[in-house]
Amino acid sequence: MASKNVLLIFKSNIMYKPVIYRLARDFDLVFNILEAKILPRREGRILLELRGSEDVIEKGIRFLEDNRVLVELLADKVWREEEKCVHCGACTGLCPTRALSIERPEMKVSFDVEKCVACGMCGLVCPFGAMKDVTLFDPFAEGRHT
Ligand code: SF4
Ligand code: SF4
């Protein structure tokens, strides 16, 4: 089963349409709301983990876009500059989703971008500036993605 973390942006004219409910009902996708922010009559932003087969996730994303929901893949927004990472492990204890974790016995820090929810913690703690955009990209900042 695949999983993708997506940011959904609902403009005020579609904010109260039951599209997430239909994702589960019509596409048999499992979803997990990671975070949500609603600005009444203005905009709604939801960080969602979608789980299902790759093609069903793609169909679900197309369905959302057809219903005028802006969909952004978090994996497109954050990355690690591999040459800067010294695998010190400082980020791994703070990462809430275990997107950053220590691989044993190699003691290398791996980064699974699909698990990242762009919380920014690793960007704040990394002494070498290896984690990119995690501190700049605030999925809940208004106006960044429009
Ligand atoms: S804190 Fe920075 S240098 Fe250390 S493992 Fe994490 S990304 Fe790599
Ligand atoms: S931004 Fe960094 S700390 Fe937060 S989930 Fe992603 S990898 Fe983990």
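This is a predicted model: local features need pLDDT of at least 70, side-chain atom pairs count only at pLDDT 80 or more; totals for chains, interfaces and linings use all residues.
Me: Within what arc do the buried residues of α1 fall, seen down the axis of the helix?
Reply: The buried residues in α1 are V19, I20, L23 and F27. They line one face of the helix, because seen down its axis they fall within an arc of 110°.

Me: Nice. What covers the buried residues of α1?
Reply: The cover comes from both strands and a helix, and the elements are named here in part. Included in it are β1, β2 (30-39), β3 and α2.

Me: How many residues does the largest nonpolar core have?
Reply: Good one to ask next. L8, F10, L23, L48, L64 and V69 have the most contacts inside this core. At least two of its residues come from each of β1 (2-11), α1 (19-27), β3 (43-52) and α2 (54-66). The largest nonpolar core has 20 residues.

Me: And how many residues are in the other core that lies apart from it?
Reply: This other core includes L7, C91, C95 and C122. It lies apart from the largest one, and its size is 18 residues.

Me: Which residues are linked with K11 in a network of salt bridges?
Reply: Let's take the pairs in turn. K11 forms a salt bridge with E43, with the closest N and O atoms 2.5 Å apart. K11 is in strand β1 and E43 in strand β3, so this pair ties together parts that are 32 residues apart in sequence. E43 also forms a salt bridge with R45, again with closest N and O atoms 2.5 Å apart, and the residues linked with K11 in the network are E43 and R45.

Me: Is E43 buried or exposed?
Reply: The cut-off for buried is under 20% relative accessible area. E43 has a relative accessible area of 7%, so E43 is buried.

Me: Is L124 buried or exposed?
Reply: L124 is found in helix α3 (residues 121-125). Together with L94, M121 and V125, L124 forms a nonpolar patch on the surface, with about 330 Å² of accessible area together. Its relative accessibility is 66%, and exposed means over 50%, so L124 counts as exposed.

Me: One last thing: how far apart in space are A118 and V78, C-alpha to C-alpha?
Reply: A118 sits in the loop between β7 (108-111) and α3, and counts as buried because its relative accessibility is 5%. A118 and V78 are 40 residues apart in sequence, while their C-alpha to C-alpha distance in space is 7.0 Å.

Note on methods: Residues are numbered from 1 along each chain as its sequence is written. Chains are lettered from A and ligands numbered from 1 in the order in which they are written. Side-chain values use heavy atoms; hydrogens and water are left out. A nonpolar core is a set of buried Ala, Val, Leu, Ile, Met, Phe, Trp, Tyr and Cys residues joined through side-chain atoms within 4.5 Å. Buried means under 20% relative accessible area, exposed over 50%, partly exposed in between (1.4 Å probe, protein chains only). Helices (H or I, at least four residues) and strands (E, at least two) are DSSP runs, numbered from the N terminus. Patches are made of residues with over 30% relative accessible area and no salt bridge: like charges are joined within 9 Å, nonpolar side chains (Val, Leu, Ile, Met, Phe, Trp, Tyr) within 5 Å. Accessible areas come from the Shrake-Rupley method with a 1.4 Å probe; for residues, only the protein chains shown count as cover. A salt bridge is a side-chain nitrogen of Lys or Arg within 4 Å of a carboxyl oxygen of Asp or Glu. The arc is that of the directions from the helix axis to the C-beta atoms. Contact means heavy atoms within 4.5 Å.
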